[in-house]
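This report describes how the chains of one assembly are built and how they meet. Please keep the sequence and the structure in view while reading.

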Amino acid sequence: MKERTVWEQIADQLRSRSIWMLHYCTGCGAMELPPTMTARFDMERFGIMPMATPRQADILLITGYLNTKTLRRVIYTYEQMADPKYVIGFGSCTINGGIYYDSYSTINRLDYYIPVDVYIAGCMPRPEAILEAFQYLMEKIRKGEADGWKRYKENYEWYKQNQIRSLGEVYVHDEFHE
Amino acid sequence: MTGVYKAIFNLAIAFFFVLTLEGIGRKITARVQRRIGPPWYQSFIDVFKALSKHPFSNGWIFDFGVLMALGGAIATAAIVPMGSTFWTPFPNTDNFFVIMYLFAVGALGMAMGMVGSGNPWASIGVTRALTQMLGYELPYLIVLASMMFYYKTASIHLLIEKQAGGWNLLVMPIGAIVAFISLLGMLGKKPFDIAIAPAEIASGPMVELSGKYLGLLHIMHVFSIFVEITLFVDVFLGGGNFWWFLLKFLIVWILAVLISSVLPRFRIEQMLKFYWGVPLGLAFLNAFFVLMGWTL
Amino acid sequence: MAITLISILALSVAVYFISKLSWKVGAVINALAGAYLMIYLFTLKVGSSEVLGTLFGEKLLLTYTNASFYFSFVSMLVILAVMVFAIKWLDSQKYPSAFNMFLLMMTAASLGVFFAGDLLTLYIFWEIAVLSSMLIVPMGKKEARRAAIIYAVMSATGTYMYLYASFMIYSRYGNFNLAEVAKDLANDPSMPFKVTVYLLLAAAGIAKSGIFPLHTWLRIAHGNAPDAFSAVLSGQLVKLGSYVLMLVTAFFPTLKMFQGLELYSKIPSPNYFLLALGATSIIVGTLMAIKQDDMKMLIAFSSVANGGYILVGIATMDAIGFEGGILHVFNHALAAAIIFMAFASVVYRTHTTKISEMGGLIHKMPITFISYLFAIISLAGIPPMSGFISKWMIYQALVRKGMFVTAFIAFFGSIGSFLYVFRPLAGVFLGQLPKKYKDVKEVPAIMWIPMVTLVAISFIMGVWPFPILKPIEAMRADFAISPSVKIADASNWLVRGVTGSWNPVIVFNLFIIGFAIAYLLYTLFPKPKKVDLLAPHKEEGAPINIYTGGEYIYTPDLYQYNTKMYAGFERMYEKHPSWEKVLDMLCKFFHDLGQLVHGWFFRPSPSAYAFWTVMTLLIVFWVRW
Amino acid sequence: MVYWISIILMGIGIYGLLTQKNLFKQLISLAIIDTAVNVFIIAAGYVEGGKAPIYTKALPSFLKGAFVDPLPQALVLTAIVIGVGVLALGAALLVRVKEKHKNLDVENMKGVGE
Amino acid sequence: MMTLAIAIPLIAAFLAAIRKSWGYILYAIAAILNFILSLSLIGAVPSIHALGGWKPPFGINLVLDNASFYAILFINAIFLIVAVFPDIIGKYATVMLVLMAAVNGFVLTGDLFNSFVFMEIISAAAVIIASKRENYYSAFKYLIFAGIAGSLYLIAVIFVYTQTGSLNMAQAAYFSFSQKSLVAITTLFLIGLGVEAKLFPLNGWVMGVYGGNDLAPVILSTAVTFSAMYMMGRLMITIFGGGVLQVLYVLALITMLAGELAALYQKNLLKTLAYSSIGQAGLVLAVLSKGKEPFTSLAYFQLMNEVTAKLVLFLVAGYLVYKYTNLNGIFKSHKVLGTAFSIASFSLVGFPLFAGFQSKLRIIMEAFKGGDYLLPALLLLATLIELTYLIRWNVRLWFEDQVEEGEKGSWRHGFVAIALAIFLVVIFFFPNIYLAPASKMADAITSVSGYINIVTSGLGGM
């Protein structure tokens, strides 16, 4: 790992204090986010805020399971985010496919397709776990260890291969989209 | 030459003070909602973090628009008098209309750049912002026009001097109330954050902004807030010396934040109907009172 | 003057035959003639006067005043630009020879209107200008044929009222001479006569400059005329109307004429009536412009609104308001000319005027875009372009006079203008480029040079407005409009109003500094990565690079927001009463009346003829006995 | 008395023009009006108890002045000629009208638009 | 010598009736001779010619004063212009010759009954001309109308005779009628002449006749209208001064508006122009009915302008309407005709640079001077309507997408039309070409004593 310059260290400090989050939700995972945001747990006190578009976001929160159809969107969204960007895999679905692991269309392991910085285990993880994960991510950022975005750049070919293997072609191109 | 120094001071105050206030505002909102909220310096972190990221640019008009927006906002913030004749950078040029329209340069730049990003959400947001402008500007301008008629001047620092006997808030309270309601719209605070409704149109004009573009526009927004509230403080609260000015600024800001933290969002035509209803009527009532000489 | 005008009129006929050989040569001759006229304006001495000829025993007088200079200068600026523009643009037109001829003819006639020293000369040149311009209009789109008729009729409505009033004046004072008439009117004891004459004379200006009851021709005529000619229509011809309105409100001593009729704030009620019409046209123009999908019609309605501004400014009977109104003539002329030329360039390449069919042209036609951008900044009245100064002056006057309702309308129009000028900006130039325009190119230099020149002039006048304010101040001195404040204070770099002043140079510098600071900040932080907008032309299957909520969109037209942009606002007045419909009803009424006459008297069988003969016999006997 | 005849004839003529749908009947009505006018002219020149205005050498001198005015009669001759001409022209036209429009009834004529 | 003006065409007509194939040539010769003759008459003004040596007020006499001189000059000039077009005249040369004789006679005659005879001949000839191109029904309607009018005219003549004991016009002018009989006489004359002069509501025939073929409007709307207007002035002003002039004024104003309104509604080019000529006739009559100078001269000035413009319009329209079925954009193929048409129509409207401007503005000006505010207002309203449909036609004929392939045009039409159109422009710059004759005509018409003097003393002519 390259040594960070002073500016980068300062920047990492700032980045760890201001985490703007884009959450990809399939349903059950998103259930746990409102309590995290609202008065009970209040994630804004750590500078974490939900954002509307990938352009503005720093982290991509993947809650719940992915399938071949949604994975395209996730990859696409991830690529639209500005560097540096981080990914949190939320719940066991992103780790091993969760309860739908044996479905023909379920993506079992997110890590093959985009680099994940932090996983949150559980089905479902409690808000405390989410906050814990954020704290952990902040720590990693501060240390400069949250380098998923760099890994993605370096190993782009590998990620691409995985994506193509699973999806056939990453960007949809058929008669409906012309 | 002193004008230039004062202008630079203006900008510095605008940047640091308003960013601080933003943090305070978020804190207050959090407290209203029984949360703890971020620290007061959170906005600084946000701005500089945004600036530190590696952004995407959607073409030269996108860049140009952002620069024009910030440039316009800086130019406007530089000529606004801060509460007293002494803190007036350019006493010959602090005409109200000049400020209002110079302010529009920034808005236009932002609108152009954001629509230049090619994203329809941005266009929708901008059209909403423009429509909203149609709503809040009219009552505001009528109140200001009646004030200029009353004092026979449009120069802000002269207006401040004329209030030595009593604040306009007390001289024409109706006008002040209308202006404050318009101010809420200008600030884009909660019942009137139609343009950047994040849940509806993916934060509207800002949809394509990443990294430093977001940061620069945030700074522009900061200057805009400074101009808007400063105008209100100068024209209605009698300005005052530097510290008084800051205090009044703070109070106005907190009031706006408090109101916005408990209200939901209007729909666009609801907003128009609202502004063209009671506030506009009151503005005309105020103008009528001024014409008749019935001021307090 | 007389010889120049007549020779230019004669030259215009010659140009037709030259253009028949080669229309390019004709267009160049046109441009040279325009340039000559432009220079000629500066060689003329203010106050000189000449006799054009004699008609009905009255001398036709040409007088060169400050107002003549100012208005002809503005006109020539616009016309010259369009003439140069047309050298290349004409190759997209069907009737280049006739266009050249009528354009030059119209130029000479308009100058004649501005030079006219008496009512009759004005009328003659006015009709020539109307006729020649009316014959250019139908060369445009299909709808333009109807437009020409409507234009002719509306214009004639005003003109004939003017004519009627002119002869009323003549039969009373035995004089057509403007200066004499002004004196006579000031001393005339009969108030009804003065009011009638005033309103009837103003009718010509109202019809021509598209003020409220007679504004509907602007939409259809400007919207469908040949594209470059719309620039002349909106930038120059409409100003003929403003000139007449200026004559009747400011040149004629209305304050003295209508003493005792003051309605509000020392404005006599006839003037106030005009002012109300102006204000109405601001509202109508703005609201209608906001909902247009055709970009030329949009700016046509904006011309209605701006004509209203000019009238409001002039009719305030206030020094600064008057100057504001007159300066707005210049500003709007330039802005409208640039905008229409930019649109002509766009149409030249894309062959459509529908906003909803375009988008993203900025990447293909950047210079056109820049011209349009600066023009709308001027049109919306934003510093540092010149458009702000005139609006500022008009506001000053309105505020000083305590005319809050009018001020409200002026503000409404001003903010409304942000809305409507943004619509073509976003819909035509910004956003996604539809596939069919992937091969569009920037227009040739001969077309963009005039636009850019006008932009430069407007810009310079915005930063340093004193040269253009000088003739206006002179005009105000001629008409002795009070209060006599010094508005243009060039030594202190200030533009002064009654309620304050501002320094355009400082404002401009501040803006430059602000922009520099912004640029500094911009370069300090990480370099951006350039992404394409939706780029369907690059390679098939490439991903879109703008945020689409994770969706894949390959058809850029679908990702362009340019229809019903202000749907929320438009919905509030979608059931508005339509003046066009009222006028249509009027037309229908006359038409039906014709049908009635036709059916009753002209079509029937011999029996009916016999009946009418007998009836006439009986009626005449009855009447006479 | 003769005037009355003229007026009645004229009334008949006008009534015919007003009421008849058939073009030929209208033409006849016109002819009746013509006749009415002619009668009127004769009546105008009539002198009560006057003799025929035939001027011979044998005419006694006391009869001078008791002539019926001869000029109107001369006029009537001309008028009749003209009337006949017009009538003939009208009749000729009606033949063509009938050929072209298949009918002489105003309401049933074909191809009479506008 | 005046008699020749009637005699030449009549002789030619007899010859033409004998040898049909000579018709056109005879017509052309007669038209040229007549025009030269009427030019040469200038030396003979003022004079009268007593037919058969019967001195007025006993016999029929022809009167040549300024009014009738310029009228026949103008009328013969029109006949001469029409002579350029053998294709328009076609088989109708004989009738045209009769018409020429009748119109000349109508203008020249100084005898009331004689004028009635000529009027009937004009009507008969006009009816035959109107029946060209199988336009029988309209011709028949015209016949009925003319018949009724002729009867009324005749009754009026007889009235005059019973009052004055003479048929001589000068005698009638000299005689002072009682007010009631004056009214009765003028009313009957008004209606009798009103049919030819296109007075409302006696102008129903116009649409069918003018709109039915190419010959009728060209000659009827010009020469015949001119003679009718001349006679209107002669009878209503010179001979029966006063009388029903006010009624005429009102009817004329209604005529003007009704004609223009109906033209606005009309969709057919020839019929539109027919209505337009009704409107213009209304204007001329309205001005004429003022009964005094300078209105009379302006009325004739306007009439001359209108007739010239109408000649161009009807020539072009008649030519095009029967050549093409769809006229859209047809001027693209007939540029010269189109230019002439446009110039004539602009002149009709009264745009500056064209003749109509001179006359219309003068009328407005004089009306104002005379304190009449109604006429200018209605005139301008009518002009507005006129402008609407003329511009509509111009735009349609020039700019609409061409449907039919254009054919090669006739040079005769092009030449004559453009020459007349340029003449209209010339008149704008030198209005005296028309205004001087018009004012001389008006002088002669308004001067009652002058007319009586000519007839009673000026027995010089042949």
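## Chains, contacts and a shared core

In chain E, 79% of the contacts between residues at least 6 apart in sequence join residues at least 24 apart, where two residues are in contact if their C-beta atoms, placed from the backbone, lie within 7 Å. The model is a predicted one, in which local features need pLDDT of at least 70, side-chain atom pairs count only at pLDDT 80 or more, and totals for chains, interfaces and linings use all residues. Residues are numbered from 1 along each chain as its sequence is written, while chains are lettered from A and ligands numbered from 1 in the order in which they are written.

### Chains E and A

Chain E has 20 helices and two strands; helices (H or I, at least four residues) and strands (E, at least two) are DSSP runs, numbered from the N terminus. The radius of gyration of chain E is 21 Å, close to the 23 Å that the globule rule gives for 462 residues, so chain E is as compact as a globular protein of that length. That radius is taken over C-alpha atoms, and the globule rule is 2.2 Å times the number of residues to the power 0.38. For chain A, with 178 residues, a compact globule would have a radius of gyration near 16 Å, and the value of 16 Å for chain A agrees with this.

Chain A holds seven helices and seven strands, which follow the pattern α-β-α-β-β-β-α-β-α-β-β-α-α-α along the sequence. In chain A, 81% of the contacts between residues at least 6 apart in sequence join residues at least 24 apart. The table sets out the extent and burial of the two chains; a residue is buried if 20 or more other C-beta atoms lie within 10 Å of its own, exposed if 12 or fewer, and partly exposed in between, with C-beta atoms placed from the backbone.

| Chain | Box of C-alpha atoms along the principal axes | Residues that count as buried |
|---|---|---|
| Chain A | roughly 45 × 40 × 30 Å | 44% of 178 residues |
| Chain E | roughly 65 × 55 × 40 Å | 71% of 462 residues |

### Where the chains meet

Which chains share the most contacts? Of the six pairs of chains in contact, chains B and C do. Here 69 residues of chain B are in contact with 62 residues of chain C. Among the elements that give two or more residues to the chain B side are α3 (60-79), α4 (96-116), α5 (120-151) and α10 (211-236) of chain B, and α5(B) gives the most, with 16 residues. By class, this side of chain B divides into 42 nonpolar, 21 polar and six charged residues, where Ala, Val, Leu, Ile, Met, Phe, Trp, Tyr, Cys and Pro count as nonpolar, Asp, Glu, Lys and Arg as charged, and the others, Gly among them, as polar.

Strand pairing also links these two chains, since two bridges join β1(B) to the parallel strand β8 (residues 529-530) of chain C; two strands pair if DSSP finds at least two bridges between them. Within this pairing, S57(B) has K530(C) in β8(C) as its bridge partner.

Chain A and chain D have no contact, and their closest C-alpha atoms lie 57 Å apart. Chain A and chain E do not touch either, with their nearest C-alpha atoms 38 Å apart.

### A sheet in chain C

Chain C contains an open sheet of three strands in the order β5-β6-β7, with antiparallel pairing. Strands β5 and β7 of chain C stand at the edges, each with a single partner strand, so one side of each is left without a neighbour in the sheet. Two bridges join β5 (residues 488-489) to β6 (residues 494-497) of chain C, and D489(C) stands opposite L494(C). These two strands form a hairpin with four residues between them, and W493(C) in the turn has a positive phi of about 60 degrees.

β6(C) pairs over three bridges with β7 (residues 500-502) of chain C, and a hairpin joins the two strands through two residues. The bridge partner of V495(C) in β7(C) is W502(C), and V495(C) is also the bridge partner of A488(C).

### The largest nonpolar core

A nonpolar core is a set of buried Ala, Val, Leu, Ile, Met, Phe, Trp, Tyr and Cys residues joined through C-beta atoms within 7 Å. Of the 672 residues in the largest such core, those that touch the most other members include V82(C), A337(C), M341(C), L97(E) and V312(E). Helix α14 (residues 319-350) of chain C gives the most to this core, with 22 residues. Leaving aside neighbours within four places in sequence, the contacts of M341(C) include A81(C), V82(C), F85(C), P450(C) and M451(C).
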